Amino acid sequence: MKRWVLLLAVLIVASLVLAACPQPTPEKVIETVVVTKEVEKVVTKEVEKVVTKEIEKVITKEVVKTVEVTPAKGKCAPESFDQLGEKGVIKIGVPVPLSAPGSVTGGQAMQIAANIAVNHINEKGGIMGKYPVDVVFYDTSGLPERGRAGAEYLITQECVNAIAGEYHSAAGVQEKEVAHQYGVLAVFAETWNDKITAAQYPEVFRIAPASSMVAQADAKFFSDLGVKWVAIVAENTDYGVPASEATKERLGKLGIESEIYLAEQGTQDFSALVSRIVQDVQQREGKKGVLVLITGETSYNFEEQAVEGGLAPAEDLIFVANQVAANHTEFWSNVPDGNYMAFRRVGVVPALTKDNPVAQRFIEDYKKATKDPDRFPESYAFEQYDALMLVAAAIEKAQSLKTEDLIAAMESWDSRENGFQGAQGIYYFLYGTKKPVPKDEPAWMWHQWPDPAILFLQYWQEGQPVDNACVIWPENYRTCGTDYIVPGTEPPVKP
Amino acid sequence: MWPLPDVLLHAMHFHMWLDALFKFQITGTYIVRLILEGLLIGVIYALMALGLTLIFSVLNIVSFAHGEFYMIGGYVVYAILHHYKGFPGLLAIVVAALVTFVIGAVFERLFLQPMAKGQVERPSEYAILITFGLSFFLQFVMLGIMGPFPKKAPRFWSFPKIDLGFIRTTKTTLFLGNIPLSGGRIFAAIIALLALAAVLWFMYRTWTGWALQAVSQDRNAAAVVGINPLNMNTLAFGMGAMLAGLAGAVLVTVFSWVPWVGVPASAKSFVIIVLGGMGSIPGSLVGGLILGVVESLGTGLFPDPARAQAYRDVFGLVIFALVLWLKPTGLFGRKL
């Protein structure tokens, strides 16, 4: 009985507190608030000046300090070709998610791409024609702790000379620390978190876009379509949280309101969240948007349940599915009602690969390896292939296995004209140890490939292959003569 | 469309602070929608939990492989409908139920019966380890057979186009006024309700059901009156596995299916059976519904939209902790 009374008392107190919270602000306070805001602005500007100066000092020190690679004890990779042993095999570590809660879809695709890269390198006898490459996979499950353990294992137990891979930022953020700690070259394939390169470690390179680059593209896409409000549905991870915040910030700068809804990776039932978003959408005016920043199979669950719950693409509701929608076979089997969903594709589309023999060869082998003649490689497959090819090319260029030499070789690709031709495009890195990131550029531009293509595509027929989906943004890549195919209609030009 | 809840909300002056707390207007229709969605998924939770309850009450063990039977049930339906186009969905569900029953019964005979016969030195630890082992084994076997990529069975049927004003349908959705309800979930809930009714009838109206109840109450007394407790163990484990398999079989058209899909489902079953009272059949039914509704309302009404879905499991666990605190035996548990 006492417990019930206590519980009742707690509930009453909680209700009173909640009821008291939303009291309207008294009118008199408004003037004070305005004055306070002015004072805040002045103070903020002053603080910003001081902080900027301090950050500049730290960054300058950091750049000078980190140019020298001082490996921690435990690294066992051979530092010269003489130390490679009889077979002369060079080992490269490939951390990828191959089990839940990571995106197994992404991990498997990257594994296939990595194996194709190894075949392409080794069929000519290996690096420099005599040193074959062996990749060691490590299943990180997309988890930070497994990412750290994996990098540690690959470097100290498998004695890899470089790391090339990873899909999830959560794992990648940790792996970069280990790579830096041991002084091992790491080329990140599909990790978008700004922190990966913003830490400005000399060993760390990235060929995927940074979250901020993608956020900028997302915001511009919605802005160009005249969207007034966006629901950002993101996974509660090191990728989803910063990506959603960066998108919200950029949308705000373009005058678009937005709301972030986080969900755990692996969530199955989204019905209540969908109801909540529908409720939100119904009370907004003008065009609305939904942006899915959840990866893997979890995104399929949300997208199908969204349609069933009344959040289907419409003339005034632009629905941007997660990029895994580009895997059309899987997408249509899991989201059968996802017609007219748009999706972001980072990386090339078929039309952009026609003149690139490296891409053509990879695409052909990828289709054979997946036994799916309709499967165009996903962006993460392209990135994994290119990450390994880059490492191999860097070793070949450096004629050395020392990390310092490999970094120098990677940094020597410093312009588009002077870059490395990969399957996705020409790789180059504007800023690094020899050329620090200027003050007016974001810190994540360090060892960052600046040119990843960020396109928006849209399906307009049920079961449509990705090759036939329309590129709707940016304008210069448009393939169907429209910026949005209104549900129920067909595009003016068919690809 | 749902005037009564709206009037109630107004009368209680809830609108004032609800609208201020949330960034959107809370309406009665919205709350009704959340409750209906919670009930639909809650029925499936109840079906899963009933299986676990049956196993616990008769064998006195907790099966950590319960979620894997749920996973297998879904995969069986997917495989049948994927390979045999036009195969009746209901029949596929029956096949999934039979397959999971057989796997459960065979496993019990081979690995759990030595424990019941007293041939195992530390039975409690043995039960935990052996069911954990089964869980991993089934996950990796299915990973090998089905692969890691998400699968989804085609929906069992699509709604015909109906427009009766208050009731409308699209291919996938039934609209009650402004409330959309997924066709797949409605179908799953109906099958789950039928299965629950069948199990209750079996338990309370048949001799075998009484025998199962007798064994759960007192194994020795049951044996004295001619009931073979070992056979009842096999039947209970098989039925428990079958109920989990049924839950999976009806949900494989609703959710994307991967080999580890059973892990969260299994965790929810544990919460429900403790919430409802270990070994209590009505407890697992009510517990399932409560969990479904609490999760739905919690997600829909939590003030911070960014955290609402991420805290979904927490809402259920708060109720779970409260019930354990106020009534440690669970809602319908036997008094200690």
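In chain A, 27 residues of domain 1 are in contact with 28 residues of domain 2, where contact means that the C-beta atoms of two residues, placed from the backbone, lie within 7 Å. This is a predicted model, in which local features need pLDDT of at least 70 and side-chain atom pairs count only at pLDDT 80 or more, whereas totals for chains, interfaces and linings use all residues. Residues are numbered from 1 along each chain as its sequence is written, with chains lettered from A and ligands numbered from 1 in the order in which they are written.

**Domains of chain A**

- Domain 1 comprises 81–210 + 360–445 and domain 2 comprises 212–350 + 454–477; such bounds come from an automatic or database domain assignment.
- Taken over C-alpha atoms, the centres of domain 1 and domain 2 of chain A are separated by 28 Å.
- On the side of domain 1 that touches domain 2, the elements giving two or more residues are α3 (104–122), α5 (169–182) and α13 (379–398) of chain A. Helices (H or I, at least four residues) and strands (E, at least two) are DSSP runs, numbered from the N terminus.
- That side of domain 1 divides into 12 nonpolar, 9 polar and 6 charged residues. Here Ala, Val, Leu, Ile, Met, Phe, Trp, Tyr, Cys and Pro count as nonpolar, Asp, Glu, Lys and Arg as charged, and the others, Gly among them, as polar.

- Chain A contains 14 helices and 14 strands.
- Of its 495 residues, 53% count as buried. A residue is buried if 20 or more other C-beta atoms lie within 10 Å of its own, exposed if 12 or fewer, and partly exposed in between, with C-beta atoms placed from the backbone.
- Between the chains, 40 residues of chain A are in contact with 35 residues of chain B.
- Helix α9 (271–282) of chain A is among the elements on the chain A side, and α9(A) gives the largest share of that side, 7 residues.
- By class, the side of chain A that touches chain B has 15 nonpolar, 15 polar and 10 charged residues.

**The largest nonpolar core**

- The largest nonpolar core has 260 residues, and those with the most contacts inside it are Val187(A), Val233(A), Val391(A) and Leu47(B). A nonpolar core is a set of buried Ala, Val, Leu, Ile, Met, Phe, Trp, Tyr and Cys residues joined through C-beta atoms within 7 Å.
- Helix α3 (residues 28–59) of chain B gives the most to this core, with 19 residues.
- Because domain 1 and domain 2 of chain A both give residues to this core, it lies between them.
- Leaving out residues up to four places away in sequence, Val391(A) touches Ile92(A), Ala162(A), Ala164(A), Leu185(A) and Val187(A).

**Helix contact in chain B**

- Residues of α3(B), including Leu47(B), meet residues of α7(B), including Ala192(B).
- The residues of this contact divide into 15 nonpolar, no polar and 1 charged.

**Arg375(A)**

- Arg375(A) lies in the loop between α12 (357–370) and α13 of chain A.
- Arg375(A) counts as buried because it has 22 C-beta neighbours inside 10 Å.
- Neighbours within four places in sequence aside, Arg375(A) is in contact with Thr329(A), Lys367(A) and Thr370(A).
- Arg375(A) and Val466(A) are 91 residues apart in sequence, yet their C-alpha atoms are 8.3 Å apart in space.
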